[in-house]
Amino acid sequence: MNAGETLMPLEVAQARLLALAEAAPIDGLERVGLAAADGRVLAEPMIAGLDLPPWPNSAMDGYALRLGDWQGEPLPVSQRILAGCAPQALEPGTCARIFTGAPLPAGADSVEMQENVVVEADGRITFSEPLRLAQNVRPQGQENRKGETLLPAGTRLGPVELGLAASIGMAELTVRRKPRVAVLSTGDELVEPGQPLAAGQIYNSNRRLLIAWLQRLGCEVIDAGILADDLALTRAALGALHDADLILSTGGVSVGEADFLGIALREEGELALWKLAIKPGKPLTFGEFRGRPVIGLPGNPASTLVTFGLLARPYLLRRLGVERVEPLGFPVPAGFTWAKAGKRREYLRARLDKGRVVAYPNQSSGVLRSAAWAEGLAEVLEGTTLEEGDSLRFIPLSELLG
Ligand SMILES: Nc1nc2c(c(=O)[nH]1)N[C@H]1C(S)=C(S)[C@@H](COP(=O)(O)OP(=O)(O)OC[C@H]3O[C@@H](n4cnc5c(N)ncnc54)[C@H](O)[C@@H]3O)O[C@H]1N2
Ligand code: MOO
Ligand SMILES: [Mg+2]
């Protein structure tokens, strides 16, 4: 860092991006079947069309009775009720054989599990334990009432939410349309896997990383491939992406002489070049090209990972109307010491070992292997030193990558 450099706190950059996201919502809607709804964002509240359970039912395999009918004398069994049956009303002075999930017959108010009964030689039932009114009965509507809102608009749908929608009989949901995100990898040095490497070349890792991640986030990816370090080509590539809701590029955002993204944006749109107080991930570009938002992530792969996870991901989710977009993480004790209080907040690629967080030995922002080894990012705040056992926040990669 040079002496005159002003660094932007992460929170400031996040807040600016989220404000921009709120001003540019993805507002198209789609009706999708549950099978296609994983990872999508609800566009309207999910409202229950029925009581759940729809009728009182048994929580146990056993016997249903009206509690007042049990006076210590064995009760005859008047019917057998399996799950899926429509039972008769319970004959007074009798009990019903019943199984888990089967409807309680009208007139019954309690269930005893079969382990706590004695079946007499004549088939009548004696209850061997004291009974409580309504025991082992799941009342109608105990989970939800018809008309209740079960999930608000802006909820990201995952396995649990899809299960919940199915439980109230919804076969389709209204979700936000998928954001179209164009992925552009800049750099003359880049070659796609499968090609031979010439002198000075490296394989393009960011493209694969971002495309897979964006797909998991419920985006439609426009794969714009590799862009050479050339101003005319940069202009042409950006111009061709007129369908994109967001153009996401990597590389070419620093101060190098081959960093053309900024030049193209300055010519035909808007450009903000941020130097963030985080490591990795210092340089970040936000701008517009002919009215289309562009986020330029730093090219070093670990920097791409951290800036996408902490900035671009929340931005995209907020454009979809998601309320909580930033990772929570949790505090863990450090399994290492940190002697130098840095000016940039560090996001160490780290994992948990016996309840403590340990960092990958090589934290260079060019080393993607650090992130593959890691289970999460350990946050060392700017201006702090750490002793072993001091607490720091650990953000699981699983929280970011989903
Ligand atoms: N004089 C300064 N130089 C640099 C500064 C600075 O402040 N002053 N910042 C450094 C930091 S921090 C970072 S991070 C990088 C960011 O550079 P760019 O985003 O402009 O990216 P490039 O220079 O194009 O590439 C950086 C690095 O990453 C490799 N790369 C790029 N794209 C890919 C890809 N798709 N797959 C794999 N690897 C990729 C590229 O070959 C470079 O090694 O700037 C520092 N410099
Ligand atoms: O911010 Mo750069 O990402 O430190 O290498
Ligand atoms: Mg480059």
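Guide: Start with a pair of helices. This is a predicted model.

Visitor: At what angle do the axes of α4 and α5 cross, and how close do they come?

Guide: They cross at roughly 60° and come within 9 Å. Helix α4 covers residues 231-240, and α5 covers residues 260-268. The crossing is right-handed.

Visitor: Which residues of α4 and α5 meet?

Guide: From α4, L231, T234, R235 and L238. From α5, F260, L261, I263, A264, L265, E267 and E268. By class, this contact has seven nonpolar, one polar and three charged residues.

Visitor: Which residues of α4 are buried?

Guide: T234, A237, L238 and G239. Look next at what covers them. The cover includes α5, along with strands β13, β16 (220-227), β17 (246-250), β20 (283-289) and β21 (292-297).

Visitor: What does the side chain of D230 reach at the start of α4?

Guide: One of its oxygens comes to within 3.0 Å of the backbone nitrogen of A232.

Visitor: Which residues of α3 and α6 meet?

Guide: On the α3 side, N206, L209, L210, W213 and L214. On the α6 side, P301, T304, L305, F308, G309, R313 and L316. Sorted by class, the contact has eight nonpolar, three polar and one charged residues.

Visitor: Let us turn to a single residue. Is T186 buried or exposed?

Guide: Compare its relative accessible area with the cut-off. T186 has 12%, and under 20% counts as buried, so T186 is buried. It lies in strand β13, residues 180-186.

Visitor: Which backbone oxygens does the side chain of T186 reach?

Guide: Two are listed here. The backbone oxygen of T250 lies 2.9 Å from a polar atom of the T186 side chain. The side chain also reaches the backbone oxygen of G251, at 3.3 Å.

Visitor: What does T186 touch, leaving aside residues up to four places away in sequence?

Guide: L227, D229, S249, T250, G251 and G252.

Conventions. Residues numbered from 1 in each chain as written. Chains lettered and ligands numbered in written order. Predicted model: local features only at pLDDT ≥ 70, side-chain atom pairs only at ≥ 80, totals over all residues. Heavy atoms only, no water. Helix = DSSP H or I, 4+ residues; strand = E, 2+ residues; numbered from the N terminus. Buried < 20%, exposed > 50% of the residue type's maximum accessible area, 1.4 Å probe, protein only. Polar contact = N/O pair within 3.5 Å; in protein donor to acceptor, adjacent residues only side chain to side chain. Contact = heavy atoms within 4.5 Å. Nonpolar A, V, L, I, M, F, W, Y, C, P; charged D, E, K, R; others polar. Axes fitted to C-alpha atoms, helices over the stretch in contact; angles between N-to-C directions. Left-handed = near helix turned anticlockwise from the far one by under 90°.
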